[in-house]
Amino acid sequence: RRWWPWPSTTRRCSPNSKPLSFSSMNAALLGLSHPHSGALLTALENLREVRRVFLWDADPRAAEKNPGLPRSRKAAPPTGDLDTALAGGDFAIVAVRHDEAAALERRVLAAGKHLLAEKPVGLTAAEILPLQRAAAQAGLVAAVLYPRRAHPCAVAMRRHAAETGPLLSLEARFLATQVRFRAPRSWLFRRREAGGGILLWLGCHYLDLLQHVSGDEITGVAARLATRSGERIEVEDTAALTLEFRSGALGTFHAGYALAHSGTGYLNAAGYDAYLALNGRAGRVVWPGVAPRLQLELPSARRTQTFRLRETTSYAGAAGETFVRQFLAAVRGRGTPPATLADAVRTARLIEAAATSARTGRFVRLAGS
């Protein structure tokens, strides 16, 4: 693997600096062995808004050990010196093991850098809250990577939500390839390092989307969690949740590593099965799979709405690029971040409540709801 050098000019910002106004920025990618590190580097390579990428990992050989890490014309040689990487970047993307994330994100904010954090940001809501406050006090943009928010189907669902009338129920499902195809000895399946299983790693996206596209908030949960893969893992691989929303609507969410014939790996487009629906008194909106297609049953329209997505190798595809662009626009002071650390806290509290419900067999109302 070859890392191309790049001119050493950088632009830096302090915690109290004004929003960046130049057309392109430097990024620091912190973490080179995360399952998404390669796709994130590809996204930074593809985005013209990013001029140069500084790479860091605590393991000096992480880049060599990760065969999925691509070549990049923008990337400086990887370093194990965090201060050097942070000095070069105007913002940082943090993609590391979950139990290491919060401490690293504190370093990013302390250095006066804007933060884009891989979910779940921290092991618990209690780890994420101080980061949210620190970013606010420093005037920094801090966001969590929920790229499905930028998918055109999610954008359209949010736009059509009011047309469904008062919500009756909400439904979501997210299934992925089985644990045996996902390196079961990985840290992702060890509780101390990962913090949780399918809900924390993948289910979080749809738990967030249920609330984001509906404009409603989950206030309580009853959950059952199970480990059914047959592999020696320490976290749940199957989850079934019954949800109560602030409006009074009820919802369901099913998540699991369940697909036996959909291939292997963490960036496998065929390895997912999903469903999202808003059912209201006046109609419904359904996203019936991972394809860019909506079913509209509304007073104003009864049709299938199909979207064209530009093909790209970036993390989360074209929606991922849109998400990062929205984050960079917020850094420049041109809009708000597409998903904030407050959203990460909300999801973390929900997952913690689901774990409590599964352990106690009781319906759990979320704190502060």
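The paragraphs below take up the sheet, the helices packed on it, the helix pairs and the salt bridges in turn. The coordinates come from a predicted model, and this should be kept in mind throughout.

How many of the ten residues of H1 are buried? Nine of them are, so the helix is largely enclosed by the rest of the structure.

The next step is to look at how helices pack against one another. Two packed helices are described by the angle between their axes together with the distance between those axes. For helix H5 (residues 125–138) and H10, the axes come within 9 Å and cross at roughly 165°. Since angles over 145 degrees count as roughly antiparallel, H5 is roughly antiparallel to H10. The crossing of these two helices is left-handed. On the H5 side, the contact is made by Ala125, Ile128, Leu129, Leu131 and Gln132, which meet Leu341, Ala342, Ala344, Val345, Ala348, Arg349 and Glu352 in H10.

H10 also packs with H8, where the axes come within 10 Å and cross at roughly 115°. This makes H8 roughly perpendicular to H10, and H8 passes H10 in a right-handed crossing. Here Leu199, Leu200, Cys204, Leu207, Asp208, Gln211 and His212 of H8 meet Asp343, Arg346, Thr347, Leu350, Ile351 and Ala354 of H10.

Two residues of that H10 list, Asp343 and Arg346, lead on to the charged pairs, of which the model has 22 that count as salt bridges. Arginine 149 forms a salt bridge with aspartate 343, with the closest N and O atoms 3.3 Å apart. This pair links distant parts of the chain, for arginine 149 sits in the loop between E5 and helix H6 (152–160), whereas aspartate 343 belongs to helix H10 (residues 341–360), 194 residues apart. Are the two partners buried or exposed? Arginine 149 has a relative accessible area of 9% and is therefore buried, and aspartate 343, at 13% relative accessibility, likewise counts as buried, because buried means under 20%.

Aspartate 343 also forms a salt bridge with arginine 346, where the closest N and O atoms are 3.9 Å apart. Both residues lie in helix H10, three residues apart, which is about one turn of the helix. An α-helix has 3.6 residues a turn, so residues three or four places apart point the same way. Arginine 346, at 22% relative accessibility, counts as partly exposed.

Another pair joins the side chains of arginine 246 and glutamate 217 in a salt bridge of 2.9 Å, N to O. Arginine 246 lies in the loop between strand E8 (238–245) and strand E9 (250–259), and glutamate 217 in the loop between helix H8 (198–214) and strand E7 (218–226), so the pair ties together parts that are 29 residues apart in sequence. Both count as partly exposed, arginine 246 at 47% relative accessibility and glutamate 217 at 27%. Finally, Arg97, Asp99, Glu100, Arg190, Arg192 and Glu193 are linked in a network of salt bridges.

Technical notes: Residues numbered from 1 in each chain as written. Predicted model: local features only at pLDDT ≥ 70, side-chain atom pairs only at ≥ 80, totals over all residues. Heavy atoms only, no water. Salt bridge = Lys/Arg side-chain N within 4 Å of Asp/Glu carboxyl O. Helix = DSSP H or I, 4+ residues; strand = E, 2+ residues; numbered from the N terminus. Buried < 20%, exposed > 50% of the residue type's maximum accessible area, 1.4 Å probe, protein only. Axes fitted to C-alpha atoms, helices over the stretch in contact; angles between N-to-C directions. Parallel < 35°, antiparallel > 145°, perpendicular 65-115°, else oblique. Left-handed = near helix turned anticlockwise from the far one by under 90°. Contact = heavy atoms within 4.5 Å.
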